[in-house]
Amino acid sequence: MAAMEAESSEPFEKLGPVRVLAVDDDARNLLAIEEALDGVGQVICAQSGDEALRFLLKDDFAVILLDVLMPGLDGYETASLIRRRERSNATPIIFLTAINKEEAHMLRGYDAGAVDYLFKPFDPSMLRSKVMVFVDLYEKTREIERNAAREQLLLERALKATSDKLDAERALRHSEARQETILASLPICFHARTAEAPFAATYVSKGVERLTGFSSDRFMADPDFGISRVHPADREEVTRSLSAAHETGSYACEFRWRRANEEYRIFLDQGVVARDGAGLELLGTMQDITEQRHLESQLLQSQRLDAVGKLTGGLAHDFNNLLAAILSGLSLLERQVSLDGKAAQVLDMTRRSASQGKDLIQRMLAFSRRQDLKPVAVRMSTLGDTMTGLVAPILGGLVRFDWHVGEDIWPVHADPAQLELALMNLVFNARDAMPSGGTIRVKAHNRSVGPAGQGLAAGDYVRLAVEDTGTGIAADVISKVIEPFFTTKPIGKGTGLGLSTVYGFAKQSGGTLRIDSELGHGTTMELWLPRSREAQDVTAKDELVFEASAANNAGTDLPTAAEDELPTVLLVDDSQSLRELTAMSLRQSGFDVTAFSGGAQALAAIEKEPDRFDVIVTDFAMPLISGIDVIRFARSLRADWPALIVTGYADAEKISDRPDDVALISKPFEDAHLVAAIRSASRRR
């Protein structure tokens, strides 16, 4: 405080000396004045009116001693000019005169601003006493002004300090309000509670209302309120965790809590033990992690489905090899052995069973997203007549089918056949959910998804919704219905692959399947497919697949060796039974076949005798060296080497890496289909 006072008074302590201005054209008179006023003040001497005015421009004076008669400006004129200046108009003037004692001259002097007269020769003591009166008055005036200025400064500083304090308090209140608003906007609240059951709240931040729907006062008014709304199944664990904080020094517990709207949300409560004046208390935070746990559950479900998909794809590959061997063996038996009617019937039944197994494998591949799709631009509105014609006769009289897809719906990028199959699966599921009848509606909407779209990349999509008015699906079952072989239908009424097939098709097509259902209020199945940007989306590679597919439907008559000179075939397959049966079948059809069990053996044979083989027929998925690797090596020796790939399943991305002119044959296949594909490949050479 003392330092502050010293600092505040410093500008007023450095005052200049008291000055007296003596104006006389006679230097002897000026010397006499200096002698007489020694010790009274600093005497400034001027020998003319002009010089006196110059001094007055720079300094202030306590009193002015002014000679009346001077060359140039006389005393009266100088006094008049001094009075005109604002800075000096109040400075006392004492006229010095030796001759003008007449009353008229004295009145003129008073009119010019004089306060007194001294007559020369003057008495030094008289001069000193008159001047000291005005010097004392000047010093007192300066002291009064200095004190007033000092008080004014102190007052201003006090006002500024008060203003700064008010500003600081206002800023603090604003900061606290802003902080409270931010905390209230977050899904988190801060709290303090007693360390003993029932753990009564002693402080709860306003953010609790956002979390629970109750105000903070509600928690502090009733000690049992917080713990009473914990889910009964979680209450014991919460109590145990809070009670154990005495020993561990901290706690963390996760529980379900019933909000004001009676909805249970998952809360994470964690904190530490602190000591206050009365004992121990728990200081912590609570946040709503319901969405986080939901997303984690979705991620785990997605990972589980992906693992099941990979397992399903591997099983499908092995089953396709077995089915291909079965169908090939049946064809060989049929061609080599004469069968009576009953044996032929058994053979035909066995072939049909194998074909049904093939359809089952195709569904498994659809779920695992490893089927070979042929996406094109498909206009949803054009499927109306097709779908109505396909499903209406099967739905029965109790179920009504309504197709509401307008011409304004964007075209989708999808495989048309698989899209129709997916829609039929959704419609049949809707029918089975309405045993007493109802309405199935198919609607479509254009939708754009941003970066935060759940399960979808950003872009444009068509949302195709299949709605029913059936029994609905329980919430705990919805996440399971897309799993393969899971079904709620009675035994013998379904394989459990319908929705899993649709899900796999949607994901492989770049979309997704969403299910919204409520018990007793029906179900909506949403198939999201990406918008097609092309009017025609068929590639040359797809045409080869279509060509092979056409060959698959061309009939079962095998060509004979007499038709044309048949190409020499290099056959590669890691399945021994399928490799041997396929080679046997092709040889019976007139082909010269050399078979290898793996890619390494085939590469060695190709390198040794590059001109021996006309067509390469290779399995896609083989250990170490794939079928595509075999074809690429062969074509490094002969660029136009005809080839085709046979596959039980293939990763869609990897299978797209095959050369553009290489056809794809899916296992299991009919012998005639393989022969037709080989002849087609050799003709393209």
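Predicted model: local features only at pLDDT ≥ 70, side-chain atom pairs only at ≥ 80, totals over all residues.
Local features of the model need pLDDT of at least 70 and side-chain atom pairs count only at pLDDT 80 or more, whereas totals for chains, interfaces and linings use all residues. Residues are numbered from 1 along each chain as its sequence is written, and side-chain values use heavy atoms, with hydrogens and water left out.

The secondary structure comprises 23 helices and 22 strands, taken as DSSP runs (H or I of at least four residues for helices, E of at least two for strands) and numbered from the N terminus. Of the 685 residues, 45% count as buried, that is, under 20% relative accessible area with a 1.4 Å probe and protein chains only.

Two cavities of 30 Å³ or more were counted, a cavity being a set of points on a 1 Å grid over the protein atoms alone where a 1.4 Å probe fits but cannot get out, with lining residues having an atom within 4 Å of a point. The largest cavity has a volume of about 260 Å³, the volume being the space filled by probe spheres set on the points, which are joined across faces, edges and corners. Of its 21 lining residues, R193, F199, F219, G226 and I227 are the closest to the centre, and β6 provides the largest share of the lining, three residues.

The second largest cavity, of about 70 Å³, is lined by residues including L571, D573, T618 and K667. Two or more lining residues come from each of β18 (568-572), α19 (576-588) and β20 (615-619), and β20 gives the most, with three residues.

Notes: Buried < 20%, exposed > 50% of the residue type's maximum accessible area, 1.4 Å probe, protein only. 1 Å grid on protein atoms, 1.4 Å probe; cavity = no way out; pocket = protein on both sides within 12 Å on 5 of 7 lines; lining within 4 Å.
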